[in-house]
Number of protein chains: 2
Amino acid sequence: MTDRLIIALAQMNQLVGALEANAEAMLEVRRKAAGADLILYPELQLTGYPPEDLVLKPEFVRRTMEATERLVDATSEPGPAMLFGTVIAEDGASYNAMVLANDGKILGRTLKHELPNYGTFDEKRIFAAGPLPSPLEYEGVKIGVPICEDIWWDAACNNLANEGAELLLVPNGSPYELDKDQIRQKMVRARTLGTGLPMVYLNRVGGQDELVFDGSSFVVHPDGEVIVQMADWEEALILTEWRREAGGWCCATKERDELDGYPEDIYHAMMLGLRDYVQRNGFPGVILGLSGGIDSALSAAVAVDALGADKVWGVMMPSKYTSEESLEDARENARMLGCRHDVIPIIPAVQAFDEMLPDLKGVAAENVQARLRMVTLMALSNAEGQMLLTTGNKSEMSVGYATLYGDMAGGYSVLKDAYKTTVFALSKWRNSNKPSGALGPDGPVMPERVITKPPTAELRPGQKDQDTLPPYSVLDPILEGLVDKEMSVKEVALATGSDVALISNIERMLLRAEYKRRQAPPGVKIGARNFGRDRRYPISNFFRTGA
Amino acid sequence: MTDRLIIALAQMNQLVGALEANAEAMLEVRRKAAGADLILYPELQLTGYPPEDLVLKPEFVRRTMEATERLVDATSEPGPAMLFGTVIAEDGASYNAMVLANDGKILGRTLKHELPNYGTFDEKRIFAAGPLPSPLEYEGVKIGVPICEDIWWDAACNNLANEGAELLLVPNGSPYELDKDQIRQKMVRARTLGTGLPMVYLNRVGGQDELVFDGSSFVVHPDGEVIVQMADWEEALILTEWRREAGGWCCATKERDELDGYPEDIYHAMMLGLRDYVQRNGFPGVILGLSGGIDSALSAAVAVDALGADKVWGVMMPSKYTSEESLEDARENARMLGCRHDVIPIIPAVQAFDEMLPDLKGVAAENVQARLRMVTLMALSNAEGQMLLTTGNKSEMSVGYATLYGDMAGGYSVLKDAYKTTVFALSKWRNSNKPSGALGPDGPVMPERVITKPPTAELRPGQKDQDTLPPYSVLDPILEGLVDKEMSVKEVALATGSDVALISNIERMLLRAEYKRRQAPPGVKIGARNFGRDRRYPISNFFRTGA
């Protein structure tokens, strides 16, 4: 029975489905952690998280079991014992599991007991629930290994404490959301106070489709003190020293990285989400329509910061309604970012459609322009390989103020879950700050005028967003109430002070636009309820809380 | 304690979220069933099914509870007792429930015990599971009311039998799938044999986004005999007479409607799915590109049969690669269907892009044509209101043989879940048969040549699908193995006899096209695993079972 343990915490990225590559990366980190007794990896690190319906393919589970065996075998090489996440199949059921392996043998395992099945999570769909976990034993120390959701309820931790666990090592796959780090720490403190046990909260880092994992792993003592705080937004390995003292196990390693505040955390989430999506899907870079407006300017800035200016291509596609100001702003924007910039007028194509469909007017004619820009961008994307970056924001997506197969088109969207007021906040912030790890300019990323001028789609003379929509400072709190908080029209009126008739109208627009959102590209989740797997509304839907 | 019961079975359609309209329709059917003692409605008939995340909005649940009370009150009017599906909220949880009401009072209720959370179902996300159900009592008769999924496992039925249930009335919301009627009957027979109790299996009818409910309700005696078989694909009300005999309750009403065989059932599913989607979403009709090919010809036929020829508008959009044969076939196709037909060459727009992007070639140039057709169709759709009908099939969607924002664009797809070989089978069948309820021509719906000529996208000279893809008779069984049956490459090779290298290549195309499918419109589910809510794969995914 040892009185001292060196526990390595591996805050890692991953590749979903890449069993070999993930295993190799895990062994590489193990080699780096040579001085540790034990190394802890994030939830389902071997398969990548979330594996979604891959788990329903029997061959995926078989190969995961084989890869697990190979990892266990690898622990016969010198180095720390491995405590890692994988899928275990038994009696026809698949479990989200943690395996403790040393000297080529499995010493124990935990099966996840609480399966999250809300928000973006579908774990009851793909996994069976394990029993309440019991502690694993390593070098005579009883270690509790509840898995992610297991600690959001008290049964698993209490059971571990009752069965004599001396410390809790918790692997997670906890996606970023605004203020999530504070929510996690509050919850972990409640659990440490409840059990009287110290807890390691290890999270992964990196993007996977709509989700971004922020890392931000930490260690908390039973009194609620945060002893170790690892960085957010980057891979990290830390060796923590633990000692058995009179009152129980204590972490002697004190290290505190600063976590991002608002809105830097959102900006970092966007950078990481985009970078991992583009790289994993094999694109050499991105292309986007640079209109001189704030959405495309911010999207371009995130892209340049995430990928580098040489990987970003902005195309200005003027029509007869494009103002000189917009042309200038787009050009200046590209210059500030240092990215490739082309101007391709869509006027010849618009004229061809005037000839083909001479009677077109109103919104039908406006949409033709937005769609011809898409045809242009997708042609360039198809010819040269860059992924089209969509620039729409959550306010537009909510009310359908966007053209399907027009400006909505693209492979990925960084602003998808950001309301327009957040777009303003991020743009102002980035113009006077440079986030860590950013590859873009030290100075401002867009002309000041892009932030201050009134938003317009420029699809007809003198058009402004606010001709059709209320000011974003009024619209966004209404949308947040209806979408993110699932309030009724009346509840939103009480919370925001806005007029019931206005809110009812917004609700109608919101629910009517469901068909558009169903065909929108994926994008970075930053709020509690994104328009991806988070919010599953029917398209054919007659329910309204308002008139 | 009565010895005779008249039980009305209401095989109804619904509107998701339309609490008032659904309640009114239920009361209307109750008035028609005046001679019955009891009327049984489908699962969640008051809210519509599946309600999806509407259940997560507290105001939706509150209003559903209020509407439930009003329905209960309405049973103080003369007429049968009502046994109907609704949501019940208690102690912070929502239940999928059946309520038995008579004389203005609730006599009892069942809460759904088994919540389906696989395939397209997400019930563990939105509902809490009720306890094992106990029988309800009506006129001294003990009636078991397991709800849909409850009868796919034996615990609920066994518990009801053990607690003295005399017959089982089962409300369902069971979506159509190929051969589902036989699967249901086999399962119900097992349950009646197991419990020794007769069972009423009541299903709804109608389309809801991707799902189509086929009705096909039936009554089975404990010996497994099907006593009553209601029609598929239409609303129906039947009063069944039940008598208590020495061996238990028997259904004295014998009535057997014929159910559709293959492929008529698929055709009916497509008709109903499209009709309900178009009507519920307020479209005056549909518009589609009529290319002279089999996919658009079949889609147009389904649309004409579902909506009437005056609601369907076919547009032929020739380019310089369009053959005289295709022009003729499209024209003749429209003539046979009696629908509006326009020819709008896209040549001016293609020339404009030749001028704007002179270096474009290969797939990039081909895609421009497909996208300019979309711009044309969407302009007409936006101008006149018809919904764009997408014409792609499941074979194309699987391997990504379709242009995103081009031929993939549209509000709804009837062929989305039909492999190309099924498209051929349906076309041949419809050309010599007219389905019941169809509004289209009695005779053939497309020129014979449309079925016999080799498929082509006509995006370059002499192009044929089979230049890029294996023959559909080889491709489709491979896809069915990989997608619908979740087999590995090796398993598919064993099952189909196709070459491992070919299957590996198809698997790569399949997984790489995930990003396209994520932006595809909804369409009628007909198989076990559609590309909608049924199959939830990551886009960024490194797993391959083949090379």
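Where is A:Leu44 found in chain A? A:Leu44 sits in the loop between β2 and α2 of chain A, where helices (H or I, at least four residues) and strands (E, at least two) are DSSP runs numbered from the N terminus. The model described here is predicted, so to speak a calculated picture, with local features needing pLDDT of at least 70 and side-chain atom pairs counting only at pLDDT 80 or more, while totals for chains, interfaces and linings use all residues. Residues are numbered from 1 along each chain as its sequence is written, chains are lettered from A and ligands numbered from 1 in the order in which they are written, and side-chain values use heavy atoms, with hydrogens and water left out.

Although A:Leu44 is not a glycine, its phi is positive, at about 50 degrees. The loop between β2 (38-40) and α2 (58-74) of chain A also holds A:Pro50, and the peptide bond from A:Tyr49 to A:Pro50 is cis, with omega near -5 degrees. Another cis peptide bond runs from A:Tyr262 to A:Pro263, with omega near 0 degrees; A:Pro263 belongs to the loop between β16 (255-256) and α6 (264-280) of chain A.

Turning to the interface, 80 residues of chain B are in contact with 80 residues of chain A, contact meaning heavy atoms within 4.5 Å. The size of an interface is often given as the accessible area lost when the parts come together. Between chain B and chain A the buried area (accessible area, 1.4 Å probe, that two parts lose on being put together, summed over both) is about 6800 Å², and carbon and sulfur atoms give 60% of it. Eight salt bridges (a side-chain nitrogen of Lys or Arg within 4 Å of a carboxyl oxygen of Asp or Glu) are counted between the two chains. One of them joins B:Arg536 to A:Asp122, with the closest N and O atoms 3.1 Å apart. On the side of chain B that touches chain A, α2 (58-74), α3 (123-126), α6 (264-280), α9 (347-356) and α10 (362-384) of chain B each supply at least two residues. The most comes from α10(B), with 13 residues.

Over all chains, the structure holds 84 salt bridges. Within chain A, A:Arg517 forms one with A:Glu514, the closest N and O atoms being 2.9 Å apart. Both residues lie in helix α18 (residues 514-517) of chain A, three residues apart, about one turn of the helix.
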